[in-house]
Amino acid sequence: MNALLAANAVAAVASVAFALVGGVRPAALSESGTPSAGERFYGWMYATRAVPLGVAALVAPIGWPGPASSLLLSAAAAAQAGDAAIGIATRKWTMIAGASLLTVIHAATAAATA
């Protein structure tokens, strides 16, 4: 269980880090030379969803194990699954791999803390 909690913590921190990068430097994730106003807007939209969800996914299983934590981690897993689907649609293999791995980790932690 401790290894799963540690993996979940690393996954949550990685998610928050990528969200902050997407907000501050959207071109780093979109691979465009100069980000458009739309890229900057959507980068911040992504960050405003992913940062609080990532922080909650980090804290909840340690501070409040049980049904509430399981529900929150299930929501985090669903968000990551959505990110993986976007990666599939855009053929961004690193996005597919990373989001899929985080989906599995959050879902496994949700099942273990229920």
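The model is predicted: local features need pLDDT of at least 70, side-chain atom pairs count only at pLDDT 80 or more, and totals for chains, interfaces and linings use all residues. Residues are numbered from 1 along each chain as its sequence is written, and side-chain values use heavy atoms, with hydrogens and water left out.

**Overall fold**

- The protein has five helices and zero strands, where helices (H or I, at least four residues) and strands (E, at least two) are DSSP runs numbered from the N terminus.
- With a radius of gyration of 14 Å, close to the 13 Å that the globule rule gives for 114 residues, the protein is as compact as a globular protein of that length; the radius is taken over C-alpha atoms, and the rule is 2.2 Å times the number of residues to the power 0.38.
- Along the principal axes, the C-alpha atoms fill a box of roughly 45 × 25 × 20 Å.
- Of the contacts (heavy atoms within 4.5 Å) with a separation of 6 or more, 62% are between residues 24 or more positions apart.

**Largest pocket**

- The largest pocket holds about 730 Å³ of space.
- On a 1 Å grid over the protein atoms alone, a pocket is an open set of points where a 1.4 Å probe fits, with protein on both sides within 12 Å along at least five of seven lines; lining residues have an atom within 4 Å of a point.
- Grid points are joined across faces, edges and corners, and the volume is the space filled by probe spheres set on the points.
- The lining comprises 24 residues, of which F18, L29, Y46, D83 and M95 lie nearest the pocket centre.
- At least two lining residues come from each of α1 (2-24), α2 (26-30), α3 (37-63), α4 (67-90) and α5 (93-113).

**Burial and packing**

- Among the 114 residues, 34% count as buried; buried means under 20% relative accessible area, exposed over 50% and partly exposed in between (1.4 Å probe, protein chains only).
- The largest nonpolar core consists of A12, A57, L73, A76 and A110; such a core is a set of buried Ala, Val, Leu, Ile, Met, Phe, Trp, Tyr and Cys residues joined through side-chain atoms within 4.5 Å.
- Leaving aside neighbours within four places in sequence, A76 is in contact with L53, A57 and H106.
- S70 is found in helix α4 and is buried, with a relative accessible area of 12%.
- Not counting residues up to four places away in sequence, S70 touches A110, T113 and A114.
- In helix α1, A6 counts as partly exposed at 42% relative accessibility.
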